[in-house]
Amino acid sequence: MSKPSSYKLEEITQFSKIKTMTTSLPKHLQDQEGLSEEGKNFFSILPKEKGWMGSYIYNYQGFWASPRTIQGVIACQQQFHAQDSDIIIVTPPKSGTTWLKSLLFALVNRMKYPVFEQNHPLLVKNPHELIPFLEISLYVDGCVPNFASFTSPRLLSTHMPFASLPKSIQDSKTKLVYLCRNPKDTFISLWHFTNNLRLHHKDMHPIEEKLESFCKGVSPYGPFWNHVLDYWKQSIEKPKKVLFLMYEEIKAQPKLQLKRLAEFLECPFSIEEENCGVMDEILRMCSFENLSNLEVNTNGKLSNETENKVFFRKGEVGDWKNYFTREMSEKLNDIIEQKFQESEIKFLYI
Ligand code: A3P
């Protein structure tokens, strides 16, 4: 991890021409072997570490990601034009993105798709289909998204750190809904998820080795603390632009947090809706229990062939206690204390 990440957005117009070549490896496992000569040159100067799914992840603009993701980020930075009415969900991976996508979709579309109706889109589509990721879905592999089919407000999502967001997102009135989760549960969820997606590996990543990487900041879109702190600061400075949510707080007070979300998005629940139980129904429909048991989420797949069921594991707080040794817990506690001491962020169930 010695070389600096020296490419700037202006300097990489050439890079947008880099295309991954066809290889026999599944796309999400591709590393440098899947790149053209131009692509290899680009990545050869970036800091590189052993990855969580493919062989390597690279440090680009201060965060870690696979070459495929970095290409999606660059394409998005160059091509995406935010609209003031856009609503973008931002999360570190495995923070409960799927849950927030379902809540936000149900909330924002509650006039168009009343939650008490049988044919609600969330009952037949995975939340990631309804609110796509910018860099790992819409702009992946050189795709040029067609936004014509999106209705306003456009609901989108990303894992990009704040500093790497396309400038138009930062400069417009686009609203960002940020969700994070206590780092121990985030880590355990990530460890399971990446073990699951490593198609060619039957063995699990040794948990101590991956915790070491996580603590060094080397995790997808990591360092985790930078990601969280940057958005937290934005939420303090620009409370109308960035809403900062925590998984554990939604678990503990779902109605209160849903109300906060609705008010932030300027679509508060009416007294009538409150009395009719609209909030309760949104929370019920989007609950882990309900979503994870739907046919689409037990047997369905996303267009990139990822099985929908991988997004639903346990959906609990504090599952880390079933995996962490005392030593592992203390190691992460020390880092959490050090990294978050100057913020008001207090993770629950840690
Ligand atoms: P666990 O692995 O701890 O079970 P993401 O959506 O960002 O990929 O995060 C996935 C995590 O959110 C998983 O956590 C998953 O089980 C949990 N999750 C998915 N849907 C949920 C829901 N409706 N309610 C609560 N947690 C949910």
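Helices (H or I, at least four residues) and strands (E, at least two) are DSSP runs here, numbered from the N terminus, and two strands pair if DSSP finds at least two bridges between them. One spot to look at in this pairing is Ile88, which stands opposite Leu156 in E5. Before going on, a word on what you're looking at: this is a predicted model, where local features need pLDDT of at least 70 and side-chain atom pairs count only at pLDDT 80 or more, while totals for chains, interfaces and linings use all residues. Residues are numbered from 1 along each chain as its sequence is written, and side-chain values use heavy atoms, with hydrogens and water left out.

Now for the rest of that sheet. Put together, you get an open sheet of four strands in the order E5-E4-E6-E7, with parallel pairing. Strand E5 (155-158) and strand E7 (242-246) stand at the edges with a single partner strand each, so one side of each has no neighbour in the sheet. From one strand to the next, the twist averages 20 degrees; angles run from 0 to 180 degrees between N-to-C directions, and axes are lines fitted to C-alpha atoms, for helices over the stretch in contact.

How many residues of E6 are buried? Six of the six are, so E6 is largely enclosed by the rest of the structure. Buried means under 20% relative accessible area, exposed means over 50%, and partly exposed is in between (1.4 Å probe, protein chains only). Lys175, Val177 and Leu179 point one way from E6, whereas Leu176, Tyr178 and Cys180 point the other way, and all are buried.

Helix H3 (residues 97-108) lies across E4, E5, strand E6 (175-180) and E7, and runs at about 160 degrees to E4. Helix H9 (residues 224-237) lies across E4, E6 and E7, at about 130 degrees to E7.

Let's move to the other sheet. This one is open too, with three strands in the order E1-E2-E3 and antiparallel pairing. E1 and E3 are its edge strands, each pairing on one side only. Neighbouring strands here are turned by 35 degrees against each other on average, direction ignored. Helix H2 (residues 67-79) packs on the sheet, touching E2 and E3, and its direction makes about 30 degrees with that of E2.

Going strand by strand, E1 (residues 48-50) pairs with E2 over three bridges in the antiparallel sense, and a hairpin of five residues joins E1 to E2. Lys48 stands opposite Tyr58 of E2, and Lys50 stands opposite Tyr56 of E2. Three bridges also join E2 to the antiparallel strand E3 (residues 63-65), where Tyr58 has Ala65 as its bridge partner. The hairpin of E2 and E3 has two residues between the strands, and Gln61 takes a positive phi near 50 degrees there. Strand E2 (residues 56-60) is mostly covered, with four of its five residues buried.

The axes of helix H11 (residues 254-264) and helix H13 (residues 278-285) come within 10 Å and cross at roughly 105 degrees. H11 and H13 are therefore roughly perpendicular to each other, a label that covers 65 to 115 degrees (under 35 counts as roughly parallel, over 145 as roughly antiparallel, and the rest as oblique). Pro254, Lys255, Leu258 and Lys259 of H11 meet Met279, Asp280, Ile282 and Leu283 of H13 in this contact, with contact meaning heavy atoms within 4.5 Å.

Finally, the whole protein. The protein has 16 helices and seven strands, and buried residues make up 56% of its 350 residues. Among contacts between residues at least 6 apart in sequence, 72% join residues at least 24 apart.
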